[in-house]
Amino acid sequence: MDLIQSYAEELKLIRKPFTKVWVWGLVLAVFLLPLYTDQSLVYIATLVFMFTIGTMGQNLLIGFTGQISFGQAGFLAIGAFTFGHLVRMGVPWPLALVCAGLVAGVFGLLVGFPSLRLKGPYLAIATLGFGVAVYQIFANSPLLSGGRMGLTIEKLEPFWILSAEQTYFYLYFLIAGLFTLLAYNIVSSYMGRAFIAVRDNDIAAEVLGVSLTRYKLLSFAISSFYVGVQGGLLALVLGYLEPNMFTFLVTIDFLVAVIVGGLALVEGSILGAAFVVLAPQVLAEYRALVPMIYGLAIILVLIFEPLGLAGRWLKMRLYFRNWPFR
Amino acid sequence: MALLEIQDLNISFGGIQALAGVDLSVEPEEILTVIGPNGSGKTTLFNCISGVYKPTSGAVRFEGESLLGLSPDSVAQRGIARTFQNLRLFMHMTVLDNLMLGRHIKFKKNPLHAFLRVRTEELEHRAVVEELIDFLELQAWRAARISDCPYGIQKRAEMGRALALEPKLLMLDEPISGLTAEEKQETAYLITEIKGRFKPAILLVEHDLRIASALADRMVAMDNGVKIAQGSPEEVQRHPEVIRAYLGDE
């Protein structure tokens, strides 16, 4: 019997004991992943954690606030190169990571300003312009991009008894976990409610005292903070950076991850990130097919399962919760 | 002193003069009903007060301060809440969350509370909203997504959302249109209850003249963006201009 006794109880992140069991079980299973799989899978999992962060940021913006942005590659580049330059200047990497997020966040705020006037496809075009401009600036400025050789960044030393791969795995697992919690906290607060209000009905939101300026800009800033942090982590795990890593295709990756994973569902970002990282790995032999698979996946999801993989997951849970009734 | 004072309000869209020199005042705790045929500028008047439209000229003063040039969210901060003729709800949210958004201006909005899951404020406002849910008898729909609710419930929830702001001026745009006869009576009664319990001034737009005149303390009639009559409900309904506007010339 599921009886809620107080308002506070209803606000808990995980309310039911059974959910607690399987969530912690899942966390434990992922935690022990390096024990029962090989190195390559650990590395792929690391990439999924990394991609989860940016996808979550993108989902806060597109899924929750309803502002379509195609500038993600730009924020990723800004985060990555900020991180790269700071580390090369001798700033410790955790601090550089925070700075990467903050600098990307400030740029997000600036890019957010057109969103106060533009809607839908027009905003998409404006942000697309930003993404392409950032790429061009990095591609044409050796000072920023490190020139022909790119920017090399010192990788992490293996920590304690862990191998290098495992160090990255656990670090990124921790960071992705923190950002996931943060996302859950944001969307369940007054802030998340205001984001959804702006998306569902901006005029009604405004009339209720939700400042569109404030929440649109906030959403852009938080979203680009997430993406900027992913940029920093990308630089850290690859050890080098070049502008070609931040073309428009990266933006498409984010978009596919958000839509296939599930719009406006935090857990959808994790599934979407896994999809975008795994699809090219599974299809390693047929690289040319990947964009087609992406296109197909978006079409199929939008037609058959508008809430994406996470929506399917929710429906499965509902089915078993109500079983044998339907 | 009047709570809301409107003087010589004008607004035009292209060549159409939607409001032409409207004067109006709303006293505290009264119900002022605005009537008029379709397209007479009633909803435009609401939009001008709540800041959705920017009037071309004129003055709108609330508690002595001008509202002109303020964004809709600052108008809401001053204590003006409204509903919409064609429901503007947050369709993907539950009834509860829709009402909680009505409390948005009462939150201190500390971002750290959002990030770190500090929910003390949320609980306080939840208690207020739960009282409203009881008052509006929405208990059974509390956790339902509002798009799944029947029209009458949606209409009541929207009114609840406006009430959650604890407004000094509540503007209701056709609160009983589209309801069944029984629901109309209930809503009319609800409006008198709101008046008694929360004591806001209520500005009401309504087409149903029988209910409108039963509720109104004072009545204003409009036609083609011009105020044509004002006074007690009986006076306004017998006014020759009003009869002409509704029934046409002989």
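Which residue is the bridge partner of B:M222 in β10(B)? In this predicted model, the partner turns out to be B:K227. Residues are numbered from 1 along each chain as its sequence is written, while chains are lettered from A and ligands numbered from 1 in the order in which they are written. As the model is predicted, local features need pLDDT of at least 70 and side-chain atom pairs count only at pLDDT 80 or more, whereas totals for chains, interfaces and linings use all residues.

On confidence, chain B has a mean pLDDT of 91 (pLDDT being the predictor's confidence in each residue, from 0 to 100), and 100% of its residues reach 70 or more. For the complex, the predictor gives an ipTM of 0.90 and a pTM of 0.91.

Back to the strands of chain B. Helices (H or I, at least four residues) and strands (E, at least two) are DSSP runs, numbered from the N terminus, and two strands pair if DSSP finds at least two bridges between them. An open sheet of six strands runs in the order β6-β7-β8-β3-β9-β10 in chain B, with mixed pairing. Its edges are β6 (80–82) and β10 (226–231), each with a single partner strand, so one side of each has no neighbour in the sheet. Neighbouring strands are turned by 20° against each other on average, direction ignored; such angles come from axes, which are lines fitted to C-alpha atoms, for helices over the stretch in contact, and run from 0 to 180 degrees between N-to-C directions.

Inside this sheet, β3 (residues 31–35) and β8 (residues 201–205) of chain B run parallel and share four bridges, with B:L32 opposite B:L203. At the β10 end, β9(B) and β10(B) pair antiparallel over five bridges. These two strands form a hairpin with two residues between them, and B:N224 in the turn has a positive phi of about 50°. Helix α1 (residues 42–49) of chain B lies across β3, β6, β7 (169–173), β8 and β9 (218–223), running at about 145° to β7(B).

Chain B also has antiparallel pairing between β1 (residues 4–13) and β4 (residues 57–62), joined by five bridges. Here B:L4 sits opposite B:F62. B:F62 also has a bridge partner in β5(B), namely B:E65. The pairing of β4(B) with β5 (residues 65–66) is antiparallel over two bridges, and in their hairpin, with two residues between the strands, B:E63 takes a positive phi near 50°.

Over in chain A, the axes of α4 (residues 39–64) and α13 (residues 248–261) come within 9 Å and cross at roughly 75°. That makes α4(A) roughly perpendicular to α13(A), a label covering 65 to 115 degrees, with angles under 35 counted as roughly parallel, over 145 as roughly antiparallel and the rest as oblique. Contributors from α4(A) include A:F51, A:G54 and A:T55, and those from α13(A) include A:F254 and A:A257. The contact divides into five nonpolar, six polar and no charged residues. Ala, Val, Leu, Ile, Met, Phe, Trp, Tyr, Cys and Pro count as nonpolar, Asp, Glu, Lys and Arg as charged, and the others, Gly among them, as polar.

As for the interface, 23 residues of chain A are in contact with 35 residues of chain B, contact meaning that C-beta atoms, placed from the backbone, lie within 7 Å. On the chain A side, the elements giving two or more residues are α1 (7–10), α9 (164–187), α10 (190–200) and α11 (202–207). Of these, α10(A) gives the most, with seven residues. This side of chain A divides into 15 nonpolar, five polar and three charged residues.

Key: Contact = placed C-beta atoms within 7 Å.
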